[in-house]
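Here are my notes on the model, for reading beside the structure. Please keep the viewer open as you go through the points.

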Amino acid sequence: MDWHKVAESIHEFNFQENNMCVISVADKKISIGLFDNKIFAFSYKCPHASGILSNGWIDNTGNVVCPVHRYKFCMENGRNVSGEGYYLKTFPIEIRENGVYIGIENKNFFSFLKI
Ligand code: FES
């Protein structure tokens with residue numbers, strides 16, 4: 001897992017009215033959601049049919065709702081809480097003293113050789 005600094009603080013994110021925004025990190029677009037003073041990081045596109053999740057909304061229990069077919073996903077663990085059997089990729093996000101970091105798996109086969 002590689003940790004990438006994505007902001008100095010949570011206030012740097014450009015949240016839209018729906019409390020979501022999109023950032024680019026490690027050649028990926030990642031959705032950021034804010035709910036109950038916590039932030040979550042998850043895939044840019046819906047695992048069902050690639051709806052842009054940041055164009056959807058966050059329901060009153062903290063699930064992201066896809067704008068295309070309204071499937072719902074837990075922003076914390078990716079569970080498809082509306083029950084269609086999909087899984088949303090989520091990313092660990094940490095607010096540290098010196099910034100906000102997102103953890104992304106290093107898919108490079110040789111990454112285990114890094115010291
Ligand atoms: S594309 Fe997201 S629910 Fe269908």
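**Notes on the fold**

1. Start with a loop. N19 lies in the loop between β1 (2-7) and β2. Strands here are DSSP runs of E of at least two residues, helices are runs of H or I of at least four, and both are numbered from the N terminus. Phi of N19 is near 65°, a positive value in a residue that is not glycine. N19 has 16 C-beta neighbours inside 10 Å, so it counts as partly exposed. The cut-offs: a residue is buried if 20 or more other C-beta atoms lie within 10 Å of its own, exposed if 12 or fewer, and partly exposed in between, with C-beta atoms placed from the backbone.

2. A word on the source. This is a predicted model, in which local features need pLDDT of at least 70 and side-chain atom pairs count only at pLDDT 80 or more, while totals for chains, interfaces and linings use all residues. Residues are numbered from 1 along each chain as its sequence is written.

3. Overall make-up. The protein has 10 strands and zero helices. Its radius of gyration is 14 Å, close to the 13 Å that the globule rule gives for 115 residues, so the protein is as compact as a globular protein of that length. That radius is taken over C-alpha atoms, and the rule is 2.2 Å times the number of residues to the power 0.38. The C-alpha trace spans about 45 × 30 × 20 Å along its principal axes. Of the 115 residues, 27% count as buried.

4. Strand β2 (residues 20-25) pairs with β3 (residues 28-35) in the antiparallel sense, over six bridges. Pairing requires that DSSP finds at least two bridges between the strands. C21 has I32 of β3 as its bridge partner. Two residues sit between the strands of this hairpin, and A26 takes a positive phi near 50°.

5. N37 is in the loop between β3 and β4. Its phi is also positive, near 65°, and N37 is a residue other than glycine. N37 counts as exposed because it has 6 C-beta neighbours inside 10 Å.

6. A three-stranded sheet. The open sheet has the order β5-β6-β7, with antiparallel pairing. Strands β5 (57-58) and β7 (72-74) stand at the edges with a single partner strand each, so one side of each has no neighbour in the sheet. Three bridges join β6 (residues 63-65) to β7. V64 stands opposite F73 in β7.

7. The core. Which residues have the most contacts inside the largest nonpolar core? They are A41, F42, V64 and I93, in a core of 22 residues. Such a core is a set of buried Ala, Val, Leu, Ile, Met, Phe, Trp, Tyr and Cys residues joined through C-beta atoms within 7 Å. The elements that give two or more residues to this core are β2, β3, β4 (38-43), β6 and β10 (99-104). β4 gives the most, with four residues.

8. V64 up close. Leaving out residues up to four places away in sequence, V64 touches G33, F42, L53, G56, I58, F73 and M75. A contact means that the C-beta atoms of two residues, placed from the backbone, lie within 7 Å.

9. Last, an exposed site. S50 lies in the loop between β4 and β5. S50 has 12 C-beta neighbours inside 10 Å, so it counts as exposed. The C-alpha atoms of S50 and G103 are separated by 22 Å, and the two residues are 53 apart along the chain.
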